[in-house]
Amino acid sequence: MIDQIAPVLRELPSVDALLRTIEARRLLNQTSQERLTTLARSVLEELRTEVRRQASENMTRNGWRSREEFLAEATRRLGRAVESGKALALRRVINATGVILHTNLGRAPLSEAARLAVANEAAGYCTLEYDVRTGARGRRGARVENLLMEMTGAEAALVVNNCAAATLLVLTVLAQNGETIVSRGELVEIGGDFRVPDVMAESGTRMVEVGTTNRTRLEDYRRAVTERTRLILRVHPSNYRIVGFTAAPKLAELAQLAHTSGLLLYEDAGSGALFNLQAFGLDDEPVIRESLASGADIVSFSGDKLLGAAQAGLIVGRDEFIERLRRAPLYRALRADKLALAALEATLEAHARGASFTEVPALRMLAEPLAQLQKRARAFARRLHRRSSLNLWQSEIIVGQSAIGGGSAPMTHPPTALIALSHRESTAVRLEQLLREARPPVIARIVDDRVVLDLRTIAEDEESELLDALLALEEGRSQEAEGRM
Ligand SMILES: *Cc1c(COP(=O)(O)O)cnc(C)c1O
């Protein structure tokens, strides 16, 4: 056996020989010499292992015996290795899932104004901490803070890296070494490893749980107050609902208890809406202005959920406490960067001028009515069939449900028009995969053995790209099918 494979192994090209091929040299405009060498080594090692394994298991060989055959296989694999390295790159995708704040796809898509602000105002040198009126140092995020105050009625505001950071900062600065009272019904995990008890432990506040999973009364909080209590924490359960026999005190009642006991009330609002979104089925999202009006001293929420901007943690509330947060060394580690601040500023400007539903994509998507989506879906399907030369697609427009996502409003499913597609020569699983491999990748769902596309999360100017991807795929598939015959 050994004697049989030794001559075969001798035909394996060297790393240098592989790197000298035209194909490998061409790959150098996509990757560095160093990385290509590393990949070449591992490709050849992989081939060597396969030859040995096939020999020892007495399997038929793949047919590579000669140097030329080995080289051809190795260059093919080298090309694939370079490609798959790039597959991990951060790049634009078309979100056809209908999940508006898709956490894995970057949550909220930025508005046109926010994109321009990031690229044109913030990407280079900018007034991040510089006041052009005085020529002296300015305050990071000053305009965003002012807009937040205007939109929520807060005395002060502060921006950090995300809402998890906001919670950590508030608990650490305002309740470390003291006790924080929280309802057992609010000890939730939000996904991406944000767990309320863990963040509390990390901050160094002692968690005092009260009530039960489904019912907690004001009296439960009152009985838990000691001279070590600093804070009452209210957490919006976000991605989770307890329904049925439930009870929780109103925020105003908690505020009154906190203030008569010399404590602070802090609400982690999660998504947090700047205004009431009940008309779109979001019944129990805290409206930040109302939480503050009810007496919460501090409220925090995310920048990339219902606000529709960049990843950030927005903290609003009473001036003296916000200033303590700002002066804490931990704030320096958690503060927001200039790109996020630029996107937030442009998005908050849109909200402030009443353009939320026309200019901020997440809210525009949320508000798009079923009738409009049906019209778009029908027009899209017509275009697909008109342009499809091979006529391999079958489509049906069905009523389905979009989702909010981002750990928000798990019970809200805006009705939508789904384009359900099947292809005469391909399975749904294969189609879904091929769409992911398109440029830009199209992320779709499979329902009942068909690929479904939800136009709610697709901008109108992305429709042509989606159409092109489907047409290219149709042709590619039929070639593949011929190749098999
Ligand atoms: C989403 C959420 C968080 C985490 O926010 P990130 O911005 O993702 O860090 C924290 N608390 C609540 C209640 C949330 O809904």
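In what follows, a residue is called buried under 20% relative accessible area, exposed over 50%, and partly exposed in between, using a 1.4 Å probe and protein chains only. The structure is a predicted model: local features need pLDDT of at least 70, side-chain atom pairs count only at pLDDT 80 or more, and totals for chains, interfaces and linings use all residues. Residues are numbered from 1 along each chain as its sequence is written, and side-chain values use heavy atoms, with hydrogens and water left out.

Let me begin with the overall division. By an automatic or database domain assignment, the protein chain is divided into domain 1 (2-87), domain 2 (94-103 + 366-474) and domain 3 (110-359). Between the C-alpha centres of domain 1 and domain 2 there are 39 Å.

I turn to the ligand. Its surroundings, taken as residues with a heavy atom within 4 Å, consist of Arg107, Asn162, Cys163, Ala164, Ile190, Phe194, His236, Ser238, Asp268, Gly270, Ser302 and Lys305. This shell comprises 4 nonpolar, 5 polar and 3 charged residues. In that count Ala, Val, Leu, Ile, Met, Phe, Trp, Tyr, Cys and Pro are nonpolar, Asp, Glu, Lys and Arg are charged, and the others, Gly among them, are polar.

Which residues place an N or O atom by an oxygen atom of the ligand? Two or more residues of the shell come from each of α8 (163-175) and β9 (264-270). Here helices (H or I, at least four residues) and strands (E, at least two) are DSSP runs, numbered from the N terminus.

Next come two threonines in loops. Thr216 sits between β7 (206-210) and α10 (218-224). Is Thr216 buried or exposed? Thr216 has a relative accessible area of 3% and is therefore buried. Its side chain forms a polar contact of 2.8 Å with that of Ser183. By polar contact I mean a pair of N or O atoms within 3.5 Å; within protein, one must be able to donate a hydrogen and the other to accept it, and residues adjacent in sequence count only if both atoms are side-chain atoms. The Thr216 side chain also reaches the backbone oxygen of Thr212 at 3.4 Å. Beyond four places in sequence, the contacts of Thr216 (heavy atoms within 4.5 Å) include Arg184, Tyr221 and Pro249.

Thr31 belongs to the loop between α3 (22-27) and α4 (33-56). Thr31 is buried because its relative accessibility is 11%. A polar contact of 3.0 Å links the side chains of Thr31 and Arg35.

Finally, the backbone. Most residues other than glycine have a negative phi, and most peptide bonds are trans. The bond from Arg439 to Pro440, however, is cis, with omega near -10°; Pro440 is in the loop between α19 (428-436) and β15 (442-443). Asp448, in the loop between β16 (445-447) and β17 (450-454), has a positive phi of about 50°. With 69% relative accessibility, Asp448 is exposed. Asp449, also between β16 and β17, has a positive phi of about 65° and, at 62% relative accessibility, counts as exposed.
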